[in-house]
Amino acid sequence: MIPIYASPVTDGIGAVLAPETLMTIGIGILIGMLVGAFPGVTATMAVALASGFTLTMEPTQGLAMLLTIYVAAQFGDRIPAILINTPGTPASISTTFDGYPLARQGKAGLALTTSALGSALGLLCGIVILAVAAVPLSRFAMQFGPAEMFALVVFGLTMMVGVSSGRIFKGLAAGAFGLFLATIGRDPITGDQRFTMGILELNGGIPFIPVIIGFFGLAEVINQILTHRKNKGVKPISQMGQWMPDKKLMKRLAKPMGIGAATGSVIGLVPAVGGDIAGIIGWDNARKASKMKHEFGKGSIEGLTAGDTSSTATLGGSITTTMALGVPGDSVMAVMIGSMMIWGIQPGPGLFNSHPDLIASLVTILLIATVLTLILSLLRMKGVIKLLELPDHFLWVVILVFCMVGTYSINNSVFEVFMMLLFGMVGLFMLRFGFPPGPAVLGLILGPLAESNLRRALLTDGWASIYTSPIALVLLVIAVLAVTLPPLRQLVRRRKAANEGMRVPTLQP
Amino acid sequence: MTDQPPIETIDQEAAFEAAHHQEEPLVRDLPVRLRELVSVAACIGLGIWILVAGKDIIVRGTAELGPVFWPNMLGTGLIIFGVVIVLNNVLRGVRKADVPERITVSGIAMFGMTLAIAIGYLMLWNVLQFWMITFVALALFTLVLGGRSWKATLAFPAVTTAVLHFLFIVALRVPL
């Protein structure tokens, strides 16, 4: 019998229950709730900024902070969605469908409470998936050789591109740009210098945390500053009404919550499909199954909880694919991979072999974060309305200074702060011209892995090493389908419409 | 922060279309199409630069699968994506959601001043004491970005500087 006190499970749980880690979880909850409550600050931006100061922490504490921010943002972002009809983060788009109409009917308190309960249930389902699926998936991926690993990276990149509907080609270009950035520095196989332009600091490659902070922090804030207009604000609804749902209502909510949890859990396992899409699909599924379809979109508590449960249920699947395969489930996870690599933890096949206690730590962090954030969300926080009325400039200033000081704190390097400013400008260009930054960051992080594995595979057995591997072939076929199917479907639909003599919809005057 | 689109702009139909990859109305105005040419120029320009700069890489040993192989693939890929963007975005048009919000004149002015303060702040980092330069930079940032009251220009910078000092210098021991 394995003694309980020496097992990786107890080691993992024990590391999280240490007072310092619990304190970082508490701080992470407060940051995450605030981040979620401010529209315009996404969870990705918050995790990117936090990665600046968490890199100096112990890996468990750093992970606890980043994951808790992510979890708490899933609760906080519902507040502006319900009170001012503006999603705090993209994951709460579906919350606005019924949350704001409910608030206008004087049921804001009830909407906030049921939304928090739905979000917590979704997160718990996700945590179960992580606990059950992560280790077997990681073990399966241990069989991967260079050809499969290359295919896996291409699969992850194209999945992230494929979900940026309508911007597939710009997504691919952004991914290629990220992969190119990863080539700057020394060649991963021969060690030859590439594209360093004589700059000594670039020999080690482009540091990815400054790039991430520039893309997701600085670029977003500058874009908000550039497009700022006075008197655009919306006054939050302050009539809260009833807070706690009664037994009858809770019973009625069981079905939509179940539908939301099932939808989100499945969608979460598809890499790169985030909570925003899952929330909308979960809301739609609950509407189809409901006897009161007419209420959906006009203030349905069922719709609200289904969407919220679905969007948060993706989190477990997202962490599972990130940790077990090294393929980020969403852009927050792409950022988190960057931080983990600096701590010496390489997500992907073999992670749970080298860090057997990690899965227990992850599950414990997520459980504690979910329960504590739920408790915080159920407190009747009228003060949060005041937060929503806070002028933009306070937030902008805090983010700007955090971008700079946080980047400096990674390696005490002013050069890296300049890199962050430079990539903030590049990110701004991408934002203004419709290039999604997620694939670029992913390309930068996974670039060396993709390049070295492709070249190793080709050196071993030529292109045959890729097309003779069933796993690599399946992954590459899915990757190709992910980027070719959506435009092909649109083309077929347009052709069909043209044949039927219909006009293709345009906004041309 | 309240400066986000009001209720009318949260379009359920558009959200469904995006989530389900459905057909969306396309914008085909000339300025929008011309704007897309900038994206094309960026892709093709970067692709060509990678191919040209790749020739300067000093290769030891075999060149076929050497250090230039992967950058050449990426450079060629970027040029191809640039051409596809011409066909897809310039000739066909773009989705309404992909047309960014218009930049304002006051926004450009605020951005210019913010950038100047940020660079000045960075240059003086190792010259003046962190708390002193941070307080001044925060006050200037707030002033430039629209804060006018004493709370915004004095109290807020003082509190934020104290938090930054505690977090980075005391807790994380960053030599600032």
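Is the crossing of H10(A) and H14(A) left-handed or right-handed?

Modeller: The crossing of H10(A) and H14(A) is left-handed. Keep in mind that this is a predicted model.

Let's start with that pair. H10 covers residues 208-226 of chain A, and H14 covers residues 331-342. Their axes come within 10 Å and cross at roughly 160°. Angles over 145 degrees count as roughly antiparallel, so H10(A) and H14(A) are roughly antiparallel to each other. On the H10(A) side, the residues making the contact are A:Phe208, A:Ile209, A:Ile212 and A:Phe216. H14(A) brings A:Val335, A:Gly338 and A:Ile342 to meet them. Sorted by class, that contact has 6 nonpolar residues, 1 polar and no charged ones.

H10(A) also packs on H19(A), and here the axes are 7 Å apart at an angle of about 55°. That angle makes H10(A) and H19(A) oblique to each other, and their crossing is right-handed. From H10(A), the residues involved are A:Pro210, A:Val211, A:Ile213, A:Gly214, A:Phe215, A:Leu218, A:Ala219, A:Ile222 and A:Asn223. Facing them from H19(A) are A:Glu416, A:Met419, A:Met420, A:Leu421, A:Phe423, A:Gly424, A:Gly427, A:Leu428 and A:Leu431. By class, the contact of H10(A) with H19(A) comes to 13 nonpolar, 4 polar and 1 charged residues.

Now for the partner chain. In total, 78 residues of chain A are in contact with 78 residues of chain B. The largest share, 12 residues, comes from H18(A). Taken by class, the side of chain A that touches chain B has 43 nonpolar, 20 polar and 15 charged residues.

H18(A) has a packing partner within its own chain as well. H3, residues 43-54 of chain A, has its axis within 7 Å of the axis of H18(A), and the two cross at roughly 40°. H3(A) and H18(A) are therefore oblique to each other, and H3(A) passes H18(A) in a left-handed crossing. H3(A) uses A:Leu49, A:Gly52 and A:Phe53 for this contact. The tally for the contact of H3(A) with H18(A) is 6 nonpolar, 4 polar and no charged residues.

Stepping back, chain A has 22 helices and 2 strands. Its C-alpha atoms fill a box of roughly 70 × 65 × 55 Å along the principal axes. A compact globule of 509 residues would have a radius of gyration near 23 Å, and chain A, at 23 Å, agrees with that.

As for chain B, the domain assignment gives domain 1 (24-100) and domain 2 (103-176). The centres of domain 1 and domain 2 of chain B, taken over C-alpha atoms, are separated by 37 Å.

Notes:
Residues are numbered from 1 along each chain as its sequence is written. Chains are lettered from A and ligands numbered from 1 in the order in which they are written. This is a predicted model: local features need pLDDT of at least 70, side-chain atom pairs count only at pLDDT 80 or more; totals for chains, interfaces and linings use all residues. Axes are lines fitted to C-alpha atoms, for helices over the stretch in contact, and angles run from 0 to 180 degrees between N-to-C directions. Helices (H or I, at least four residues) and strands (E, at least two) are DSSP runs, numbered from the N terminus. Angles under 35 degrees count as roughly parallel, over 145 as roughly antiparallel, 65 to 115 as roughly perpendicular and the rest as oblique. A crossing is left-handed if the near helix is turned anticlockwise from the far one by less than a right angle, and right-handed if clockwise. Two residues are in contact if their C-beta atoms, placed from the backbone, lie within 7 Å. Ala, Val, Leu, Ile, Met, Phe, Trp, Tyr, Cys and Pro count as nonpolar, Asp, Glu, Lys and Arg as charged, and the others, Gly among them, as polar. Domain bounds come from an automatic or database domain assignment. The radius of gyration is taken over C-alpha atoms; the globule rule is 2.2 Å times the number of residues to the power 0.38.
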